[in-house]
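Colleague: I have this one open on my screen. Please walk me through it.

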Amino acid sequence: MLIVGLTGGYASGKSTVTKMFVELGAALIDADQLAREVVEPEKAAWFEIVAHFGKGILLGNREIDRKALGEIVFRDREERERLNAIVHPRVLEEELRAIEKIREREPEAIVILSVPLLIESDHYRHCDKIIVVTVDEEIHIKRLMERDGFTREEAIRRISAQIPLSEKVGYADFVVDNSGSIENTERQVKEAFSSLNIDLLHRSRNIKQALAR
């Protein structure tokens with residue numbers, strides 16, 4: 001098995017790139033989905049979040065209003081760190097559990113672990129390889145404004161809350177530049193997937209040789 005962490009910035013195109021890897025045959029663990037699950041009503045993280053941020057962040061169905069909570073944490077670094085301290089450890093637990101389930105049914109899988117805060121949360125330490133999806137800064141801002149209806153100031157604030165893409169690239173084994181056409185992005189993904197398959201083959205061969213000694 002090869003655990004491949006995939007990250008990028010807000011609206012950099014992680015979902016598009018992740019989908020391409022899945023279509024090529026990779027298994028997927030989506031940390032965003034896990035993060036939604038661990039904060040569902042009545043779960044431990046939900047109680048901690050409500051206790052700290054108050055019931056004003058709840059919707060009528062008692063689910064957390066992600067937009068309202070986001071407006072708080074993206075304006076206050078300490079509040080953001082508090083939220084991350086509640087959510088990240090639980091997401092990591094679920095990620096590791098999901099990895100073991102995949103390992104049981106498909107020990108030779110290439111697993112894409114899609115985590116927006118892969119570097120910030122130290123989840124990258126559990127990965128064999130790292131992919132960073134990048135995008136031109138102006139395109140990045142424009143996409144975030146169009147996708148979430150943010151003003152330019154709000155988009156820049158969200159982007160600034162994460163480690164700069166230029167710094168994340170320093171952790172990368174593969175960089176996928178999503179600034180251009182979909183065809184160009186797809187070409188880069190196919191090249192990376194081919195290299196990952198070679199890495200997996202070498203890893204499996206080394207393990208078999210070690211066991212045979």
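Modeller: One term before we start. Helices and strands here are DSSP runs, numbered from the N terminus; a helix (H or I) has at least four residues, and a strand (E) at least two. Also, keep in mind that this model is predicted.

Colleague: Okay. Where does aspartate 122 sit, then?

Modeller: Aspartate 122 is in the loop between β3 and β4. Its phi is positive, near 70 degrees, and the residue is not a glycine.

Colleague: Buried or exposed, or in between?

Modeller: Partly exposed, with a relative accessible area of 37%. Buried would need under 20%, and exposed over 50%.

Colleague: Which other residue has a positive phi although it is not a glycine?

Modeller: Glutamate 42, with a phi of about 80 degrees. Glutamate 42 lies in the loop between α2 and α3. At 45% relative accessibility, this glutamate counts as partly exposed.

Colleague: Which residues of α3 are buried?

Modeller: Ala45, Trp46, Ile49, Val50 and Phe53. Seen down the axis of α3, these buried residues fall within an arc of 130 degrees, so they line one face of the helix.

Colleague: How do α3 and α5 pack?

Modeller: Helix α3 covers residues 44-53, and helix α5 covers residues 77-105. Their angle is about 170 degrees, and their axes are 10 Å apart. Angles over 145 degrees count as roughly antiparallel. α3 and α5 are therefore roughly antiparallel to each other.

Colleague: Which residues meet there?

Modeller: From α3, Ala44, Ala45, Glu48, Ile49, His52 and Phe53. From α5, Glu79, Arg82, Leu83, Ile86, Val87 and Arg90. By class, this contact of α3 with α5 has seven nonpolar, one polar and four charged residues.

Colleague: What about α4 and α5, at what angle do they pack?

Modeller: About 130 degrees, with the axes 7 Å apart. α4 and α5 are therefore oblique to each other. Leu69, Ile72 and Val73 in α4 meet Arg77, Glu79, Arg80 and Leu83 in α5. That contact of α4 with α5 divides into four nonpolar, no polar and three charged residues.

Colleague: While we're in α4, is lysine 67 buried or exposed?

Modeller: Lysine 67, which is found in α4, counts as exposed, at 60% relative accessibility.

Colleague: New topic: rings. How many aromatic pairs are there?

Modeller: Rings pair if their centres lie within 6.5 Å. By this rule there are three aromatic pairs. In one of them, the rings of phenylalanine 21 and phenylalanine 193 have centres 6.3 Å apart and planes at 55 degrees, so the pair is tilted.

Colleague: Where are those two phenylalanines in the chain?

Modeller: In distant parts, 172 residues apart. Phenylalanine 21 is in helix α1 (residues 14-24), and phenylalanine 193 is in helix α9 (residues 182-212). Phenylalanine 21 and phenylalanine 193 are both buried.

Colleague: Which tyrosines form an aromatic pair?

Modeller: Tyrosine 124 and tyrosine 171, in an edge-to-face pair. The distance is 5.1 Å centre to centre, with 70 degrees between the planes. They are 47 residues apart in the chain. Tyrosine 124 is in the loop between β3 and β4, and tyrosine 171 in the loop between α8 and β5. Tyrosine 124 counts as buried, at 16% relative accessibility. Tyrosine 171 counts as partly exposed, at 32%.

Colleague: Last one. What does glycine 13 contact, leaving aside its neighbours within four places in sequence?

Modeller: Val133 and Asn178. Glycine 13 is in the loop between β1 (2-8) and α1. At 16% relative accessibility, this glycine counts as buried.

Technical notes. Residues are numbered from 1 along each chain as its sequence is written. This is a predicted model: local features need pLDDT of at least 70, side-chain atom pairs count only at pLDDT 80 or more; totals for chains, interfaces and linings use all residues. Side-chain values use heavy atoms; hydrogens and water are left out. Axes are lines fitted to C-alpha atoms, for helices over the stretch in contact, and angles run from 0 to 180 degrees between N-to-C directions. Angles under 35 degrees count as roughly parallel, over 145 as roughly antiparallel, 65 to 115 as roughly perpendicular and the rest as oblique. Contact means heavy atoms within 4.5 Å. Ala, Val, Leu, Ile, Met, Phe, Trp, Tyr, Cys and Pro count as nonpolar, Asp, Glu, Lys and Arg as charged, and the others, Gly among them, as polar. Rings of Phe, Tyr and Trp (its six-membered ring) pair if their centres lie within 6.5 Å; planes under 30 degrees apart count as stacked, over 60 as edge-to-face and the rest as tilted. Buried means under 20% relative accessible area, exposed over 50%, partly exposed in between (1.4 Å probe, protein chains only). The arc is that of the directions from the helix axis to the C-beta atoms.
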